[in-house]
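The following paragraphs guide a new reader through the structure shown below. Please keep the model in view while reading.

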Amino acid sequence: MILLSFIVLIPFFSALLLGIIYLYDPSKPREKLYATIGVTAPAISATIALVIEAKLLVMDSSTVFHYTLFEWIHIGEFQIELAFMADRLTAVMLFFITIIGTLIHLYASGYMKGDSGYGKFFSYFNLFMGSMLLLVLADNPIIMFIGWELVGLSSYLLISFYHQEHANVTAGNKAFILNRIGDFGFIIGLAILFIFLEGHGYTFEAIEANMGLIDPSILPYIAFFLFVGAMGKSAQIPLFVWLPDAMAGPTPVSALIHAATMVTAGVYMVARFSFLYNETPHIGEFIAIIGASTALLGAIIASFQKDIKKILAYSTMSQLGYMFIAVGLGAYSSGIFHVFTHAFFKALLFMGAGAIIIALHHEQNIFKMGGLKEKLKWVYIPMLIATLAISGIPPFAGFFSKDAILITAFSSQQYTIWAMGTLTAFLTAYYMFRLFFVVFCAPSKKKHTLIPLAKSMIVPLIILAIGSATAGLLGIPEAFGGNNIFASFVALPDVPLHIAHSTEYLLSGLNILVALTGIALAYKLFARRVNEPNNSKIWRLVLTHKFYIDELYIFFILKPLLLLSKFLAYFIDGKIIDNSINLIIYIYRKAGIIFATLQNGKVRYYAFYILIGVSFISTSMLIILGDF
Amino acid sequence: MEQILSAIIFIPFFTALLASLLRLSYSNLRTLSIVSSIIVFGLVLFLAIQYDPHGGMQFIRTVDWIKNYGISYHLGVDTLSLVLLLLVSLLMPLLYLYMWHEHRKGYWYNMLLLQSGITGAVLSLDLILFYLFWEMMLLPIFIMIGRYGNSNRQYNATKLLLMTMLGSMSMLFSILYLGYTHFEISGIWSYSIESLSLVIFSPFIAIWVASGFLLAFIIKIPLVGFHTWMAPAYGSSPTPAVVILSAIMAKLGVYGIWRFGFTFFEETLTRYTPHIITLALIGLIYYAIIAITQSSLRRMFAYASGSHLSLITLGLFFANIYSWGGSLYFIITHALASAGIFLMIGLIYKRAKTINIDSLGGIASQAPLFALFFTFFALSIAGVPGTGGFVAELLIIIGAFKYNILIGIATASTMLLAMLYTFWMLQRTLFGAVGVATQNFTDLSKKEIIMLLPLAILLLVTGIAPSLFIPFIEPWISITLESINQNIGGL
């Protein structure tokens, strides 16, 4: 299947091509050319991916396609091929990455109009796509890690795209550095895994086959360190702080990072190593707890934000928490299903938000918007669908996937996690509709003169709205008369659940009720009047500043590190080590001065030396002779 | 063919001699230097093609020199020396391109002599000969810093000279002792590596003799505690000298341990291993943390270089195939990347008249191509995938885990630490608003692109397809490792 390699290589090549054209003459406006190349590349990848997905759909569930491009490295037992693999899990990831990715590219071609860095933007954008595709198609962890890191690098480039502002570059740095903290854990996990499997091959399939060779007591460590990588990439506690700041990039970047690529990588990785995580239930539980805490924290913070993109960013963090609850508890297909549905509605939300921001001359504060229902009808309807979907109202996409996760938590008897998840569901409905009502329904205080939106920005919204409305139908559980096509398609080694249908109905009903309550609360508070909340109260201040976590990190980690650096440079290096070397020189010089005074050219001193010399020699001769 | 190694060593030397006798003008001197460097590069390439990676020491040439004391003119090349040879002969033409408008003739003479010194040291198989070349390469650097450097240059040059001389003297003592012991045991004098490697000492004496060598090499690398010359010397050096210092000379310390340490003292080195690993691990972290807040670009990359050389040293002492492969690979990619970065720092100085990080900023807006190259080299130093640096670090990290898991974790921290200084530096140097110093910052000229492109392409290729290079270095590594393990096991 040489086609597999095309999926990955085409975006890379077009990134290279765009980069060369752009650098040849950066100032020349060539938007049409850039947009054509930049959008065509992912579109081709998407088409090829569709072919492969169709084949996998009709073939047996254990079918895996392989293609080896070349041997990447071979030294000792460390033999890594640049090889691609597509099984059904890959196919699901490929499906939404390429299709939603292409739509975001299309949207960006309208969004970035008039930007002087148009060509550069599309070059980075394609690089990002290529890296993500490399990550999901890799047939061994090392190539996956390369894609993993390149995703981090391209996110850095895109987040700090407007690099004239230091704040944006800081955000980019933050994203890359926190990702690298995760990668540090990831590489530790991979290295330990390799050492224990040395000589037995290092592809995913070989690892799965040889799992038995690893000392069972070492498995939890491997599982934990690998998950640290996921914490960084998928913005989980405590490495989540980069995600909200990643808003510094242009909005299509946020859509791409938050929906189709990057943050989903962590969930994918855990699902890819499902055979490992099934062996280490305690680490799975740990993952689920981290996920639930992240979900709740994100939802709480999102409820108090005013910036439309920040609200969406925290909601991403919160939804990712759900996904980790699922994969942590062994419900891999539910986790991936939520990744899948989330990709649709989150991409839609970000692109809708971007459209609003552009239309309102780069206004991002929702309390300065209002009454846009009539004026932006083609943004309003898709946004409504997406908001319903994320809030978990049936039959929209989010309901089924979220429901499945909460049911998993309940039936695994993780009631705390379940309660946290349900609370999060309530908050999600509340803050999403708060956003929705404030932006679209509440009367606006000032007249807006809107900038008309390009068609290339509206069309993707409509396509995604259809997806957000229907994607959930792929995963209707048995209890509702469906047969969960999705779960049976991805065929992941889920931990089996035992739950009565009646309990399932009850839980689903509860979830709907919770979501409706959230919506009602938002309606009561925000649909009629808009008062920008003032943040004088201390608890509000704490919440709007996301519990001052950034400040804590700066105060407890960054500042001490910088101080340590200065201390080492000026004190240890400059004073202690340097001076101990200088001390030798000092002693040498002093000794020189002392000996120099002896040789002062005065005869009486010399006579004195002679006297000492003669008496010394004669004394010693006396002693020797006396002995003799 | 017989004389090819001698030609590679002495072409630059005789070019300098000829030019000084003829009193050439600077432009003729430039032409002559460039031609000589290209001829040498061609010869080295030819040598590399003829070289058989499985063949051990090759192109050996032995001529008696001071017969009474067994000192001979003894040359040969194996993979380790060929790698360094390729690097230095590749860098020289690029450096001459950098020096294109350099009117001070001393620059050119010193660089020619430096090349001869380095290639001689790398190719020598006789310890006395090695010592001569080892000292020969120090003097041009001393003069380059002391005469053409900046800020406190004479003090810093003297510091470098004294500290390296301290190491050289201890090494000379050990060399003489080795030769004498050989004479005592077998009745004939010899200073060639093969015959000396047969000499066996009592463990107590071996530790002292080995320490003489180690001191020289550790100062050259430098490991932490022996590094006070490093930042001042890097800071004061003119660009061509700093490129050679970081890209080649620092690696010669590693070369020395590899060549002499692991042939004469395999057994003794195992006693030193825990201590050197500790020292190198401390250095790896210590240098990286200091690099974060350095205000001068050169000093920052001096510490970065120290950190990565500690990593290479670590790889050497883990002594397994992954770590050795990684170390040798890192010698290549770090040389390319640090040459690139120091050349570009030189270009920044030419344009902005400062290399103080806080005075820079906004370069990316003024000169996108410049920013691209600079970022690329910096990323390679930080070990981002797609650059050769990543492959090397990955291999060393795997080797470290094979040695010991906890030490592996400590070694892997290099990935993290390198990020911190690299990205904060990039932000302040390239991004942000255009400052006073950078307002007339021009983008790369054609000549500068030609100078940097080979380095960038090589780094990219070493990153994307390491399988093109690994087969070249792997046989030597596995053969050497095997023989060491045999020797240690046999004793």
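A residue is called buried if 20 or more other C-beta atoms lie within 10 Å of its own, exposed if 12 or fewer do, and partly exposed in between, with C-beta atoms placed from the backbone. The model is predicted: local features need pLDDT of at least 70, side-chain atom pairs count only at pLDDT 80 or more, and totals for chains, interfaces and linings use all residues. Residues are numbered from 1 along each chain as its sequence is written, while chains are lettered from A and ligands numbered from 1 in the order in which they are written.

A:Phe337 is buried because 29 other C-beta atoms lie within 10 Å. This residue belongs to helix 15 (residues 332-359) of chain A; helices (H or I, at least four residues) and strands (E, at least two) are DSSP runs, numbered from the N terminus. Not counting residues up to four places away in sequence, A:Phe337 touches A:Ser401, A:Ala404, A:Gly475, A:Phe486 and A:Ala487, contact being defined as C-beta atoms, placed from the backbone, within 7 Å. The C-alpha atom of A:Phe337 is separated by 28 Å from that of A:Trp378, 41 residues apart along the chain.

A:Phe65 stands opposite A:Ala86 in strand 2 of chain A. Two residues lie between the strands of this hairpin, and A:Gly76 takes a positive phi near 60°.

The two chains meet in a contact that takes 43 residues from chain A and 44 residues from chain B. On the side of chain A, strand 1 (65-75), helix 5 (141-159), helix 6 (166-197) and helix 23 (549-598) each supply at least two residues. Helix 6 of chain A provides the largest share, 16 residues.

In chain B, helix 1 (residues 4-22) has 19 residues, which at 1.5 Å a residue should span 27 Å; its end C-alpha atoms are 26 Å apart, so the two values agree. The expected span is 1.5 Å times one less than the number of residues. Among the buried residues of helix 1 of chain B are B:Leu5, B:Ile8 and B:Ala19. Their cover includes helix 2 (26-50), strand 1 (58-66), strand 2 (71-77) and helix 4 (105-123) of chain B. B:Arg23, which follows helix 1 of chain B, has a positive phi near 50°. Helix 17 of chain B is mostly covered, with 16 of its 16 residues buried.

Terms used: Two strands pair if DSSP finds at least two bridges between them.
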